[in-house]
Structures are given as structure tokens and as C-alpha cells.
Amino acid sequence: MTLNNHYLVLRHGHSLANQAHLIISHPRQGEAGYGLSPQGRQQVACTLANWPFARPDRMISSPFLRARETAALAAARFLCPLGEDIALRERFFGELDGGPDLRYPDVWQQDELSPDHHYAGVESLNQVARRGWQLLERLEQQHRGQTLLLVSHGDTLQILLTLALGLPLGRHRELKPLATAEVRELSLAPQAVLP
């Protein structure tokens, strides 16, 4: 697939889940609560004030509150349409959901071993990659020559960026991790294929 649109990805700002050091990955909690912290609002404002890319024509956000609040701030700044898509939701962390975020490295260690693992009921790398890729395919059919900003979560975006680079998904932590409220370009390498 070659891209007809220009894609930017933005990780949500520092959230109340980050502040509490909790994994909040179930839609029931993530869509209703755990929005941006005051620090996260400042981070997003700083990112928007120093925007390094073209102004987006359209934005698509995860339905989780922390991403929606980040996207709403960006949409107000850029005066562009904002939609939501569940393909951008947080990676589901299974039995680890609601627990301490110090368990993330346990999952990432398993990620290195297999892109299909379901350690502790966690959503696999391949599942996250598929939903991200399918979203890109839909957006490619719906839009032409636009700059599209995708607002999502750390793991979801790391996995999508790794897929776009054509790297094995288990290497997603080898990429420099996206900081909260960080924006990057997503470009597709010729060797990128859906797993």
C-alpha cells in the first residue's frame, strides 16, 4: 500500500492514569474517566504552540477520555473536523488492567518473544497492528491528499509506527518511545505488510 495522505500521530498528554501509575485499558474505565492531568493539558498546549508539521485537515481520536481531551484541544487550535475510531483505542492489557503500570515491562518482554502472545489476557501485537492497518486502509479510501492526525496511546502508536517501518512487531520498544503529547510523522516503508 502506498499512502495518498500525510499521517501524523499524537500520543495523548499525561493523564490521571499516568499520575496514579495505573494501567487503564478497558473501554469501560478509559472512555468515562482518567482524562488529562493538569500536567497533560500543559504538555498538549506546549506541543500545539510549537507544532512542527503541516496543519491537519482532519483528526481521528481514540474514544478514551485522555485521547479525546487531547484531540479536542488540537481540534480547537487547528479548527479542523474531529472524529473517533475504536481502532485507535488503548491496547487491552487483560488481567493487568486497573493494576500498577510497573507491569508494562512484563508484557513488553513477552512481545519480544511472540507477536501473538496473550500473556495475562493482553491483546496481541498482531491484533493491535491489524486494527491500526485497517484504519489506515479505510482512511486511504475516504480521503485523498489530506494531512490526517491520529490521536491515540503509547503502545497502540508504537506498534503502528513499527508496522509502518516494516520492522518485526516484537521490536516496537526499540523505537524511541513516544512521550506524552509527542507528535511524529507516520511514513510507510516499502517492506511494510500486514502481519
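This is a predicted model: local features need pLDDT of at least 70, side-chain atom pairs count only at pLDDT 80 or more; totals for chains, interfaces and linings use all residues.

Biologist: Why is Ser-61 called buried?

Modeller: Its relative accessible area is 1%, and the limit is under 20%, so Ser-61 is buried. Ser-61 sits in strand E2. Leaving out residues up to four places away in sequence, Ser-61 touches a list of residues that includes Ala-67, Arg-68, Leu-82, Glu-84, Asp-85 and Val-151.

Biologist: Now the loop between H5 and H6. What label does Tyr-119 get, and what does Ala-120 get?

Modeller: Both lie in that loop. Tyr-119 has a relative accessible area of 29%, between 20% and 50%, so it is partly exposed. Ala-120 is at 17%, under the 20% limit, so Ala-120 counts as buried.

Biologist: What is Tyr-119 in contact with?

Modeller: Setting aside neighbours within four places in sequence, Tyr-119 is in contact with Leu-96, Arg-103, Asp-106, Val-107 and Gln-110. As for Gln-29, it is 90 residues from Tyr-119 along the chain, and their C-alpha atoms are separated by 21 Å.

Biologist: Which phi value does Ala-120 have?

Modeller: Ala-120 has a positive phi of about 55°, and it is not a glycine. Tyr-34 is another residue other than glycine with a positive phi, near 60°. Tyr-34 is in the loop between helix H2 (27-30) and helix H3 (38-49). With a relative accessible area of 30%, between the two limits, Tyr-34 is partly exposed. There's a glycine with positive phi as well: Gly-166 follows H7, and its phi is near 75°.

Biologist: On to H6. How do you know that the length of this helix agrees with its residue count?

Modeller: H6 runs over residues 125-142, which is 18 residues. At 1.5 Å a residue it should span 26 Å, and the end C-alpha atoms are 26 Å apart, so the two agree.

Biologist: Which residues of H6 are buried?

Modeller: Among them are Leu-125, Val-128, Ala-129, Arg-131, Trp-133, Leu-135, Leu-136, Leu-139 and Glu-140. What covers the buried residues of H6 includes strand E1 (6-11), strand E2 (58-61), H5, strand E4 (147-152), H7 and strand E5 (183-186). Gln-134, in the same helix H6, is at 39%, between 20% and 50%, so it is partly exposed. Gln-134 and Gly-94 are 40 residues apart in sequence and 22 Å apart, C-alpha to C-alpha.

Biologist: What makes H7 mostly covered?

Modeller: The tally: 11 of its 11 residues are buried. They include Gly-154, Asp-155, Thr-156, Gln-158 and Ala-164. The cover for the buried residues of H7 includes E1, H5, H6, E4 and E5.

Biologist: Last one. Which residues are closest to the centre of the largest pocket?

Modeller: The largest pocket has a volume of about 260 Å³. Of the 19 residues that line it, the closest to its centre are Arg-11, Tyr-104, Trp-108, Gly-154 and Asp-155. The elements giving two or more residues to the lining are helix H1 (16-20), helix H5 (104-113) and helix H7 (154-164). H7 gives the most, with three residues.

Biologist: How do the residues of that lining divide?

Modeller: Into eight nonpolar, six polar and five charged.

Notes: Residues are numbered from 1 along each chain as its sequence is written. Side-chain values use heavy atoms; hydrogens and water are left out. On a 1 Å grid over the protein atoms alone, a cavity is a set of points where a 1.4 Å probe fits but cannot get out, and a pocket is an open set with protein on both sides within 12 Å along at least five of seven lines; lining residues have an atom within 4 Å of a point. Grid points are joined across faces, edges and corners, and a volume is the space filled by probe spheres set on the points. Helices (H or I, at least four residues) and strands (E, at least two) are DSSP runs, numbered from the N terminus. Ala, Val, Leu, Ile, Met, Phe, Trp, Tyr, Cys and Pro count as nonpolar, Asp, Glu, Lys and Arg as charged, and the others, Gly among them, as polar. The expected span of a helix is 1.5 Å times one less than its number of residues. Buried means under 20% relative accessible area, exposed over 50%, partly exposed in between (1.4 Å probe, protein chains only). Contact means heavy atoms within 4.5 Å.
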